[in-house]
Amino acid sequence: MEALVEKLCIGLVESFIILLNVREWEYVSYCLSQLAFTEKGMKKLMESFKTYEHALSEDSVMHYFKNIINKSKKFAKPELKSCIEEFEEKLNKFHMEWKEQ
């Protein structure tokens, strides 16, 4: 699971560097949103933030990340839930910053 999350995050980087293709960002973020995230998978997504932060400027990509957050909060243990909420704030912050650029 964690390896798949990491590969999909790397896919966001590659589509940004090579093709600058927003459609691919949407596809990868959609695939991520379809996964059932475990605690380790969620932590891997958080650790990989720098690899996909650029894609958060797109509303459609952000939509899929919000889906991931909402699903993860439902089943998270209390200690992970607080990390997810901090991560959500970080996503929102970067979304607004990248959108303004």
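Visitor: What percentage of the 101 residues in the protein is buried?
Guide: The model is a predicted one. A residue counts as buried when its relative accessible area is under 20%. Among the 101 residues of the protein, the buried share is 41%.

Visitor: Which residues of the largest nonpolar core touch the most other members?
Guide: This core has 23 residues. The residues that touch the most other members are M42, L45, F65, F87 and L91.

Visitor: Which residues does L91 touch, not counting residues up to four places away in sequence?
Guide: L91 is one of the core residues that touch the most other members. With residues up to four places away left out, the list for L91 is F49, Y52, L56, M62, F65 and I69.

Visitor: Where is confidence lowest in the protein, and where is it highest?
Guide: The mean pLDDT of the protein is 82, and 82% of its residues reach 70 or more. Where pLDDT is low, the predicted coordinates should not be read in detail. The lowest mean, 60, belongs to helix α1 (residues 2–19), and the highest, 93, to helix α5 (residues 59–75).

Visitor: How many helices and how many strands are there in the protein?
Guide: Along the sequence the pattern reads α-α-α-α-α-α. The count is therefore 6 helices and 0 strands.

Visitor: Are α2 and α5 roughly parallel or roughly antiparallel?
Guide: The axes of α2 and α5 lie 9 Å apart, at an angle of about 10°. Angles under 35 degrees count as roughly parallel, and those over 145 as roughly antiparallel. The angle therefore makes α2, relative to α5, roughly parallel.

Visitor: Which residues of α2 and of α5 make the contact?
Guide: The two helices pack with their axes 9 Å apart. From α5 the contact takes S60, V61, Y64, F65, N67, I68 and K71, and from α2 it takes W25, E26, S29, Y30, L32 and S33.

Visitor: Does S57 count as buried or exposed?
Guide: S57 sits in the loop between α4 and α5. Buried means under 20% relative accessible area. Because the relative accessibility of S57 is 17%, this residue counts as buried.

Visitor: With which residues is S57 in contact, leaving aside its neighbours within four places in sequence?
Guide: S57 and K99 are 42 residues apart along the chain, yet their C-alpha atoms are separated by 4.7 Å. K99 is one of the contacts of S57.

Visitor: With which residues is D59 in contact, leaving aside its neighbours within four places in sequence?
Guide: D59 belongs to helix α5 and, at 45% relative accessibility, is partly exposed. Its C-alpha atom is 10.0 Å from that of M96, 37 residues apart along the chain. The contacts of D59 are H95 and K99.

Visitor: What is the relative accessible area of E39?
Guide: E39 is part of helix α3, and its contacts beyond four places in sequence are K77 and L80. From E39 to S72, 33 residues apart in sequence, the C-alpha distance is 8.6 Å. E39 is partly exposed because its relative accessible area is 31%.

Definitions and conventions
Residues are numbered from 1 along each chain as its sequence is written. This is a predicted model: local features need pLDDT of at least 70, side-chain atom pairs count only at pLDDT 80 or more; totals for chains, interfaces and linings use all residues. Side-chain values use heavy atoms; hydrogens and water are left out. pLDDT is the predictor's confidence in each residue, from 0 to 100. Helices (H or I, at least four residues) and strands (E, at least two) are DSSP runs, numbered from the N terminus. Buried means under 20% relative accessible area, exposed over 50%, partly exposed in between (1.4 Å probe, protein chains only). A nonpolar core is a set of buried Ala, Val, Leu, Ile, Met, Phe, Trp, Tyr and Cys residues joined through side-chain atoms within 4.5 Å. Contact means heavy atoms within 4.5 Å. Axes are lines fitted to C-alpha atoms, for helices over the stretch in contact, and angles run from 0 to 180 degrees between N-to-C directions. Angles under 35 degrees count as roughly parallel, over 145 as roughly antiparallel, 65 to 115 as roughly perpendicular and the rest as oblique.
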